[in-house]
Amino acid sequence: MTQPQPNILFIMADQMTASALPVYGNRTVKAPHLESLAKQGVVFDSAYCNSPLCAPSRFVLMTGRLPAKIGAYDNAAELPADVPTYAHYLRKAGYKTALSGKMHFCGPDQLHGFEERFTSDIYPADFGWAVNWDEPASRPTWYHDMSSVTQAGPCVRSNQLDYDDEVVFHARRYLFNQARSADDRPFCLTVSMTHPHDPYAIPEEYWNRYRDEDIELPRVRLDESQRDPHSKRLRALYQADAADFDDSQIRNARRAYYGAISYVDDQVGTLLATLKETGLDKNTLIVFSGDHGDMLGERDLWYKMSWFEDSARVPFIVYAPDRYQPARISANVSTLDLLPTLVEMATGSAPELATAIEGRSLVPHLTGQGGHDEVIGEYMGEGTVAPVMMIRRGDWKYIHCPADPDQLYNLINDPDELTNLAPDPDYARVLQPLREETARRWDMEHIQQQVLDSQRRRRLVAEALSQGRVTSWDFQPWVDASQQYMRNTMDLGDLERQARLPVMPED
């Protein structure tokens with residue numbers, strides 16, 4: 001008997017580095033619900049984002065396209081409305097598609113294929129955060145500084161807690177409504193939280209799950225002479241090179257970050273419990289991942305925007321024990337691969353594409369049939385003056401930027417990326433083919449000009465639209481109160497019977 005089309009629950013965490021999870025070997029962090037998913041699921045041990053910044057990474061995972069193909073340059077980039085997303089493909093295949101939480105859409109299209117969206121975004125939808133490569137020495141005032149570290153610690157409440165509590169509330173309400181609904185279409189619900197993204201502040205309930213003595217300090221600390229040029233620019237961008245903070249504040253930041261992971265894990269547990277309570281767990285695939293990681297002080301770097309492991313590597317778990325045997329996958333994959341994977345899991349076949357994509361389905365990995373072993377990355381946001389491209393294949397990671405010396409690392413022999421092998425003539429046999437591939441794959445001068453043109457257009461539009469009457473692009477959640485709770489448009493007995501779970505039979 002053919003299995004019915006599965007429901008899909010895609011859970012995202014923001015800025016969650018894979019190395020901080022017990023699933024990936026961390027012995028300090030407490031995340032039992034994610035561990036449970038991993039034990040019965042397929043865990044990708046070497047999964048990456050394709051651009052280590054919020055909006056570009058999210059546009060990539062939604063579309064299966066690399067950043068330069070769709071103009072996903074920075075956190076004020078617009079995702080064109082005519083670029084198909086997994087929500088479009090699944091909706092066309094008969095799915096209800098819904099989003100609760102962050103996706104960092106910029107521009108007037110705030111749905112991009114989602115039939116329903118329950119919350120506004122936590123970040124602005126306009127072009128005000130456009131990067132300016134024309135003035136590389138000018139630091140944007142709206143960007144990260146080191147206050148997230150110097151002010152790290154417990155809190156009673158925060159902006160991010162307000163947001164994520166709303167995200168999970170609406171996600172649970174949606175699941176309850178699906179269990180009560182007469183609409184038998186399968187659903188794809190995306191739940192996207194903003195934790196554990198900085199600022200590093202979390203309620204004492206989660207702060208107290210950890211002790212100072214259990215929080216390890218960064219393993220890798222470097223002298224200025226050991227830093228690559230991009231790392232130096234990043235430290236200047238968020239003022240780490242000039243800030244005054246000590247190991248106790250670093251430990252506080254990491255402790256709060258770990259507490260935020262436990263908060264996310266509790267929300268995952270709540271969603272899993274809701275699936276079970278409603279009976280939806282019997283036919284719901286669960287995918288857990290994130291948009292990028294966090295350096296957390298490793299190499300004296302913070303946040304993201306780097307191709308080093310803690311910034312670029314993300315968790316990726318697929319839980320569907322009735323369909324896929326539990327496994328650990330060592331091959332290099334990325335969130336670029338999410339769209340074709342979701343569509344194939346949902347429909348049983350590869351998507352009929354309206355346009356070319358660079359993502360490749362992970363279903364062969366899930367079914368034990370092998371699969372690809374490659375990640376292509378592109379970064380064109382803050383902290384650089386030219387595109388920073390990355391190729392991850394086999395044991396190797398290669399990083400190329402026209403403004404900087406090449407970097408080449410063997411991650412099996414050198415997991416902390418301490419030895420750049422690019423200048424070593426003994427590794428020319430590895431480096432040269434990667435350089436040639438880079439030249440074939442990317443027209444760097446053309447991409448550089450595309451980025452500059454886009455930045456200039458968006459800065460002008462942002463300035464113009466801030467004058468006079470401002471019309472916001474921010475998504476405005478709307479509720480039809482005339483259809484909520486008890487109204488005279490429906491018999492009271494029928495309403496109460498249909499709203500109750502389990503739904504009561506008619507007398």
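This is a predicted model: local features need pLDDT of at least 70, side-chain atom pairs count only at pLDDT 80 or more; totals for chains, interfaces and linings use all residues.
Which side chain of opposite charge is nearest to Asp265, and how far away is it?

The nearest side chain of opposite charge is Arg209, 6.1 Å away. Asp265 is buried yet makes no salt bridge, because a salt bridge needs a nitrogen and an oxygen within 4 Å. You can find Asp265 in helix 9. Setting aside neighbours within four places in sequence, Asp265 is in contact with Ala31, Pro32, His33 and Leu34.

Now slide along helix 9, which covers residues 247–278, to Gln267. Is Gln267 buried or exposed? Its relative accessible area is 11%, so Gln267 is buried. Leaving out residues up to four places away in sequence, Gln267 touches Val168, Met193 and Tyr206.

Let's turn to the charged pairs. Side chains of opposite charge can pair when their charged atoms come close. How many salt bridges does the model have? The count comes to 35.

One of them joins Asp14 and Arg58, with the closest N and O atoms 3.6 Å apart. This pair links distant parts of the chain: Asp14 sits in strand 1 (residues 7–14), Arg58 belongs to helix 2 (residues 54–63), and 44 residues separate them. Both Asp14 and Arg58 are buried.

Next, have a look at helix 13, residues 428–441, where Glu437 and Arg441 are four residues apart, about one turn of the helix. Their salt bridge has its closest N and O atoms 3.0 Å apart. Which partner is buried, and which is partly exposed? Glu437 has 12% relative accessibility, so Glu437 counts as buried. Arg441 has 37%, so Arg441 counts as partly exposed.

Helix 14, residues 444–465, holds Asp453 and Arg456, three residues apart, again about one turn of the helix. Their side chains meet in a salt bridge of 3.8 Å, N to O. Asp453 is partly exposed because its relative accessible area is 31%, and Arg456 is partly exposed because its value is 36%.

Salt bridges can also join up into a network. Here, Glu216, Arg219, Arg254, Glu298 and Asp416 are linked in this way.

Which residues make a nonpolar surface patch of about 350 Å²? They are Tyr485, Met486 and Leu492, and Leu492 is found in helix 15, residues 492–499.

Definitions and conventions:
Residues are numbered from 1 along each chain as its sequence is written. Side-chain values use heavy atoms; hydrogens and water are left out. Helices (H or I, at least four residues) and strands (E, at least two) are DSSP runs, numbered from the N terminus. Buried means under 20% relative accessible area, exposed over 50%, partly exposed in between (1.4 Å probe, protein chains only). Contact means heavy atoms within 4.5 Å. Patches are made of residues with over 30% relative accessible area and no salt bridge: like charges are joined within 9 Å, nonpolar side chains (Val, Leu, Ile, Met, Phe, Trp, Tyr) within 5 Å. Accessible areas come from the Shrake-Rupley method with a 1.4 Å probe; for residues, only the protein chains shown count as cover. Lys and Arg count as positive and Asp and Glu as negative; His and the chain ends are not counted.
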